[in-house]
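Colleague: I have not looked at this one before. Can you walk me through it?
Modeller: Fine, here it is.

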Amino acid sequence: MSRNLLDHSVYPDLDEAPDVLDTDEAKADYVHRICSAWDLGIHPDPETFLLFQGWRDVFDRFPVLTSPGYHAFRACFDWDRVVVPENVWGPTPRYRHLDRLEGRDEDPCERMI
């Protein structure tokens, strides 16, 4: 795997980002880091989409159920949806936090979606 395909900015916790992801666990860690960044609004590079397109086995084996970015990658590649069990809670959407700051417990328009 070429070094220029990896986004080293997702490794702020390491002194040196890996040059090669040679295990499925290392690839799963990278998927999680990229998805987490996307969840925070940092869109993946086109090279990341090309790289992940061949990693379906990693996506299937190590799902990131609470990540909207993870589900967006699966949808982009037209892979089967992964159903999130009811007892798994994801992050609270920003609009809900804003609604609570305005004193509303729920958004009246949410039922319209």
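Colleague: Where is Ser67?
Modeller: Ser67 sits in the loop between α3 (56-61) and α4. Keep in mind that this is a predicted model.

Colleague: Is Ser67 buried or exposed?
Modeller: Buried, because its relative accessible area is 2% and the cut-off for buried is under 20%.

Colleague: And what does Ser67 touch?
Modeller: Cys35 and Asp39, if residues up to four places away in sequence are not counted.

Colleague: Changing topic, how many aromatic pairs are there?
Modeller: The structure has 15 aromatic pairs. One of them is formed by Tyr11 and Tyr30, with 6.1 Å centre to centre and 15° between the planes, and it is stacked.

Colleague: Which parts does the pair of Tyr11 and Tyr30 tie together?
Modeller: Tyr11 belongs to the segment before α1 (24-39) and Tyr30 to helix α1 itself, so the pair joins parts 19 residues apart in sequence.

Colleague: Are Tyr11 and Tyr30 buried or exposed?
Modeller: Tyr11 counts as buried at 5% relative accessibility. Tyr30 counts as buried too, at 0%.

Colleague: What about Phe52 and Phe73, how are their rings placed?
Modeller: Their centres are 5.0 Å apart and their planes stand at 70°, so the pair is edge-to-face. The cut-off for that class is over 60 degrees.

Colleague: Where do Phe52 and Phe73 lie?
Modeller: Phe52 is in helix α2 (residues 46-52) and Phe73 in helix α4 (residues 68-76), so this pair ties together parts that are 21 residues apart in sequence. Phe52 and Phe73 are both buried.

Colleague: Which residues do ring pairs link into a cluster?
Modeller: Tyr11, Tyr30, Trp38, Phe49, Phe52, Trp55, Phe59, Tyr70, Phe73, Phe77 and Trp79.

Colleague: Now the core. How many residues are in the largest nonpolar core?
Modeller: The largest nonpolar core has 23 residues. Those with the most contacts inside it are Tyr30, Val31, Phe52, Trp55, Phe59 and Phe73.

Colleague: Which helices supply this core?
Modeller: At least two residues come from each of α1, α2, α3 and α4.

Colleague: Which one gives the most?
Modeller: α1 does, with seven residues.

Colleague: You listed Phe59 there. What is Phe59 in contact with?
Modeller: Leaving aside neighbours within four places in sequence, Phe59 contacts Val31, Phe52, Tyr70, Phe73, Arg74 and Trp79.

Methods
Residues are numbered from 1 along each chain as its sequence is written. This is a predicted model: local features need pLDDT of at least 70, side-chain atom pairs count only at pLDDT 80 or more; totals for chains, interfaces and linings use all residues. Side-chain values use heavy atoms; hydrogens and water are left out. Rings of Phe, Tyr and Trp (its six-membered ring) pair if their centres lie within 6.5 Å; planes under 30 degrees apart count as stacked, over 60 as edge-to-face and the rest as tilted. Helices (H or I, at least four residues) and strands (E, at least two) are DSSP runs, numbered from the N terminus. Buried means under 20% relative accessible area, exposed over 50%, partly exposed in between (1.4 Å probe, protein chains only). Contact means heavy atoms within 4.5 Å. A nonpolar core is a set of buried Ala, Val, Leu, Ile, Met, Phe, Trp, Tyr and Cys residues joined through side-chain atoms within 4.5 Å.
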